[in-house]
Structures are given as structure tokens and as C-alpha cells.
Amino acid sequence: MEKLAEIYSGKAKKLFQTTQENILLVEYLNQATALNGLRKDTVEGKAMLNNQISAHIYQYLNQKGHKTHFVEEVSPTQQLVQALTIIPIEVVLRNITAGSFSKRFGIEEGIPLDKPIIEFYYKSDALDDPFINEDHVAFLAIASLKEIATIKEMTLAINESLKDYFKQLDIILVDFKLEFGKDQDGNIVLADEISPDTCRLWDKNSHEHLDKDVYRRDLGDLVSVYQEVLNRIQAL
């Protein structure tokens, strides 16, 4: 299989067409961003870590029966995925108060929620990914009510699987972001990556950050933290 034309260049990865129909090549980048891209730094080694962490997690989700775009890891920084029509919604699920949720409501971080809270954000860098609700989704015609119900159901199921997975690593899954797309038959499929870039992860015992908050808040070295997550995954 050969890499063909680049079709997308984002903050953390690029997408390329391949010689295999409906299969794309994802190439992770050594780039860390925050504040919706206003802060940007080159971080050597980050691409390899995110690619491998995400590949391991997607293999686990596939084994659990979740519909994902992941096909296989093909190099330290590259993986193959199914081509999808991406739904421009970022889906955030929160298990514990933290980050923007705590700031928005003036609530301290670390309070377990009685039940997970799902939030939607309109995927648009130009608009700073604004918070939206189901009425906004309907107005913008970016997904049907049935599709939104499916996305919420899938997100809750993925949350249970991911909590179990990270529990084995002595890691608390605080919150995370997912993206979804539609395949050639119109089925909703999990897309994008699942890594410390997209999940807020705390060590079970110390509650130290094992995620991109280390970069956002200048708490330490990003690569060593991501390497710790990969080490725990590989030790399973």
C-alpha cells in the first residue's frame, strides 16, 4: 500500500489517501498545542507515543465490539484507518469535575459526578469550537436526532470500556473527547484518536496528571508523562 495525496493537515496529525480504497494513512506529528492552537511547540517523540497509545486503545475497543475506524498500526508514527465523513461535533464526556467544566461553573476539580455528563462542541477552529446543544445541532443540520441519540449511546458505552481499561493501569479517566463519522453505508463510527491529548487522566494514587494538562499548565515534561502511560499499557 502506498501513501498518496495529503487530504488533511491538523494540529497533531496529517491524513493521506492510499492506494487502497476507503483506507487513509494517519501520520502523527511531534507537535503540542493549547488554547485552540494559539500556543504551539514542537515536542520530539510525541508523535510516536500518541500513535502507539491510540493504536493500543483502539485495538482494545475493537475487541470489545465498538465500531471504530482503526485498521492497524503500520509504523511508529503512522496507522491506517477507515475513511469516514466526519460529523463536525466534538463529544466530551465528563466523569469527574475538571478543566473548563470546573471553571465554567466555579466548582473545584476532582468531584465525581453522579452520572456522566455529555457535552457537544461545534468542530470549528475559526469559531473556537463553541459549546452547542441538540437544538443547535438540529438548526445547523450537522446530524439528525437519531444520529445524536446513537452518538450518545455509543459514547456512554465507550466510557464504560475505557474506565475499565484505565482502571487496570491504575489511572482514573476524568473526561475525554471523541469524534464520530459515517462510513459508506451511513453507519456511525468512532473516529480520530484516543490518547493523553484527548483524555484527562489522573494517577489513581497521587492524582498527578498523565495527560496534556502537563503541557497546558506547565506541570512538567510531556514526553515522560506520555511515556509513563505507554509503559503501563505495554505492561498489561
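**Figure 1. Contacts and overall build of the predicted protein model.** Of the contacts between residues at least 6 apart in sequence, 55% join residues at least 24 apart. Contact means heavy atoms within 4.5 Å. This is a predicted model: local features need pLDDT of at least 70, side-chain atom pairs count only at pLDDT 80 or more, and totals for chains, interfaces and linings use all residues. Residues are numbered from 1 along each chain as its sequence is written, and side-chain values use heavy atoms, leaving out hydrogens and water. The protein has 6 helices and 14 strands. These are DSSP runs, numbered from the N terminus: helices are H or I with at least four residues, strands E with at least two. The radius of gyration is 17 Å, close to the 18 Å from the globule rule for 236 residues, so the protein is as compact as a globular protein of that length. That radius is taken over C-alpha atoms, and the rule is 2.2 Å times the number of residues to the power 0.38. Of the 236 residues, 49% count as buried. Buried means under 20% relative accessible area, exposed over 50%, and partly exposed in between (1.4 Å probe, protein chains only).

**Figure 2. Helix 4, residues 145-168.** At 1.5 Å a residue, its 24 residues should span 34 Å; the end C-alpha atoms are 35 Å apart, which agrees. The expected span is 1.5 Å times one less than the number of residues. Buried residues in helix 4 include Ile-148, Ile-151, Met-154, Leu-162 and Phe-166. Just after the helix, Asp-170 takes a positive phi of about 60 degrees.

**Figure 3. The second largest pocket.** Its lining includes Asn-95, Pro-112, Lys-163, Asp-164, Lys-167 and Lys-204. Strand 9 (89-96), helix 4 and strand 12 (171-182) each supply at least two lining residues. A pocket is an open set of points on a 1 Å grid over the protein atoms alone, where a 1.4 Å probe fits, with protein on both sides within 12 Å along at least five of seven lines; lining residues have an atom within 4 Å of a point.

Figure 4. Most residues other than glycine have a negative phi. Asp-218 sits between helix 5 (213-216) and helix 6 (222-235). Asp-218 is exposed, at 58% relative accessible area.
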